[in-house]
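I opened my notebook to record what I looked up, entry by entry, in the structure shown here.

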Amino acid sequence: MTTERSSLLERRRQSNYNSLGDFPELPSTGDIRRINNNNNISAPATLLSPGYPSTPSIRDDRHGRFKLFNKRLGSYDEDRQGLIKENTGLRVWYESYSTIDWIHEIIKEGVRTRKLREAPGWRGRWEKAIDASQAWILVIMTGVVVALIAWFIDVVQEWMSDLKSGYCTTNWRYNSNFCCWGKEEHESCPEWRTWPEVFDTKTESGSYHISMLMYTILGLLMSLIASLMVVWSAEKVVARAPPSKTISKPSTPVVSSSKLEDHKQPKLQTKTAYYSAGSGIPEVKVILAGFVIKGFLGIKNLFVKSIGMIFSTSSGLNCGKEGPFVHFACSVANILCRLFDKYNKNESKRREVLSASAAAGVAVAFGAPIGGVLFSLEEVSYYFPIKTMIRSYCCAMMAAVVLKIMDPFGTGKIVLFQVRYDKEYHLFELLPFLLTGVFAGCFGAFTSYYNIKYQHIRKNTFIKKYPVTEVLAIMVVTAVVSYWNPFARMGLNEFVANLFSECSEKDNNGGLCADDVSEIPRLLYLLLTTLVIKMCLTMVTFGCRVPGGIFLPGLIIGACTGRVIGLIMQYLTVTYPTAWPFTACAEDIAARGECVIPGVYAMVGAAASLTGVTRTTVSLVVIMFELTYSLTYAVPIMIAVMVAKWVSDAMFIEGIYDLLIDLQTYPYLDARREYVHTLTIQDLTEHNHATIDIDKLNTVGKLCEKLEDIAAMGYSEDGGFPILSNEGKYLEGYIASSELLHALNLLCRYFDNNPYPMTEQERNNVPCYFRRSDQDNSLSVETEENPILCLIPSNTTTDTVDTENHSRPPLNDFSIYVDQAPLTINLNASMELLMEMFVKLGARYVCLTKTNGQYLGIIHKRTLLAYLKTLEEGEEE
């Protein structure tokens, strides 16, 4: 296990918007030590207070524009007095690639709610009503906006996809369906002009090559635009390079964690993060689990994802738009959260809305609002209370209703591949349905596993340096291997719709229907080759630098498998009608000419394949119910999904999204996984972690050194310092590194704007206090060696802090940022209890103490994740 495993994502994104409003930009420790030596005049300061005349007004001029949608406007914790009284300390805006403090957010919401309920009279009732309605207003607005964006994407994507085969002469904005409206599939449509007709090609061979050439050229152009948009919107990320030294898995149950602490730290390297590429669901999962990725759910990424997704899915690449719908739905919710401070300045409340918006994304993708709610609960969300379920239902309902009204396909359907079955199945069909679940689940798991294998190759080889070239190469390969097969070159949405549909005299389903038994072998050959082509293309396409998901390719893999089994069953029932158990088909064959519907098998296989890819079960079953408008085939779908789950779990434990989270090394703690622990709490404890002793003198220089030390340990984003007393024996509190850096930055700004410049030695000797100012600060004594120690007036207490009057404690009083009630666990506690604290409480750290309360060390979440990763690797071996 490498250091990259033990830190699991020790990176810092280079950003120009670290903190806004009253909180200035957070510098590095080198910035804090920056000295202006242009003037030799120096004078000792006697008080560092925001109210002091020389203190600058801390404002960011960039906030003058677009204040309405500015995410980080003002202080993160506005009710400073209430939070200080709760002893939880103040927080600043979270840094990118850090983890939110769930406990602080819950306490913060409790303080706000309690203050709101104390408001008397009619004004108080009005404020409570407004506060209660904000959540409903927000989810309704999210559902409406998501539906409007989905309508635009559906309409434009269908038009651009048909553009590869021709254009409409009557109205250039029409796709082939609207251009030939009212005509049956077998009827000619002179209004739609194909490219061979444009170039006046007479021969069949010439028409084929002209069609293939235009298909390839337009596909290359669209994929080029999509990949360039993704590359243009990429972010530079500073990450730690993996070291050459590795740490082996412990062979004995008890091993000291010093092996994780004393090794050489890796160097930093700059990487490129393509936030607009892929489906975005893995990142949404880790964000909902408390991780912070600034910009991933922002306006720029929403624009690039929405427009780029149109080009990528229209180009012919084997990727779908259903997965990205979840991403841009969460982006819409995140942007709209900025309208209400209740959600903008509480990351826990924000994630409740994001969970609700994920349901709206699935609702517009599959026309399944109930399935969207269950998908958000089963696959995406980490914290999902009952009130979030109701709001998810409301958001998904609004999205489905608005999209139904907009009618993007002109058929009254929310999605193109919605179908309706009215025929009952026979009992003997349960066996082929079960076999469909086995094969489709196996193919889905096989595809997702080897897709991750290829993504590892992409990440670790020269391919990562040429993302646009890779996309163009995949597009050329897609055109060459797919175009000869009429099913493989068909648009994904159209192909799925034809696979699901029931054959009729007027609709041949794009050539998928067999008019005679003798045509079934040819169809089986084309479908099997299409299955192989789609599986191979999905392995290399999903994850390349274009927006696109794996939902639709996964559906097609399972639908092809199910359609093949359905055609085989159709052949057997028609060829051997008197054989057992096909005698039950006599009435159906006499009335309809067939006994089984291959489209039903395609539907069952699609659900099973998606189960093999994502490992979701209940939500997929409900989505299929809503796609078919009935519960007729509830039992076959449930059987196939369950069997597919068993088969895929037997092959590979994790689904595609969990594998992607592991590939990106995001610090995600899976609450559903169970572990057999081999270490104890004491083995995971970092005994040498940097601490702050409040009984000793803590100057700016010493604190800067501690920040450098903790950054070298890999905890620069969401680490912190236990605060100790009585010669470092007892735990008094905890301060996060981001809050300490922010507090030191305020001092830095004060020093830079002070009319009496200070020398470097004087700045480094400025004391900082972590006790409450109403307690005895025995170190506030001025000496000849340190002439500027007496900085906090003895009569200043936290009770005098009044945010409404903008009166604050001295700048070198850091006690307002200290969590006076840090999470602790007894050294005799079990690993299961520790896991519950991290999983259920969302803790970022836990301090280890003896039975008498004496401090022993700290267990960071990333240390726990590194240990759990070691257990997972041991299970795989």
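I first noted that helix 23 and helix 24 are roughly antiparallel to each other, a label given to angles over 145 degrees, where angles run from 0 to 180 degrees between N-to-C directions. The angle at which helix 23 (residues 598–614) and helix 24 (residues 618–628) pack is about 150 degrees, and their axes are 10 Å apart. Helices here are DSSP runs (H or I, at least four residues), numbered from the N terminus.

I then listed the contact (heavy atoms within 4.5 Å), to which helix 23 gives Met-603, Ala-606, Ala-607, Leu-610, Thr-611 and Thr-614, while helix 24 gives Leu-620, Met-624, Leu-627 and Thr-628.

Before going on, I wrote down that this is a predicted model, in which local features need pLDDT of at least 70 and side-chain atom pairs count only at pLDDT 80 or more, whereas totals for chains, interfaces and linings use all residues. Residues are numbered from 1 along each chain as its sequence is written, and side-chain values use heavy atoms, with hydrogens and water left out.

Next I looked up Asn-498, which lies in helix 19 (residues 492–500). Asn-498 counts as buried because its relative accessibility is 11%, and buried means under 20% relative accessible area with a 1.4 Å probe, protein chains only. Neighbours within four places in sequence aside, Asn-498 is in contact with Met-490, Asn-509, Gly-510, Leu-512 and Arg-563.

Last, I checked Phe-366, which touches Glu-322, Val-415, Phe-417, Gln-418, Phe-551, Leu-555, Ile-623 and Leu-627, residues up to four places away in sequence not being counted.

Notes. Helices (H or I, at least four residues) and strands (E, at least two) are DSSP runs, numbered from the N terminus. Angles under 35 degrees count as roughly parallel, over 145 as roughly antiparallel, 65 to 115 as roughly perpendicular and the rest as oblique. Buried means under 20% relative accessible area, exposed over 50%, partly exposed in between (1.4 Å probe, protein chains only).
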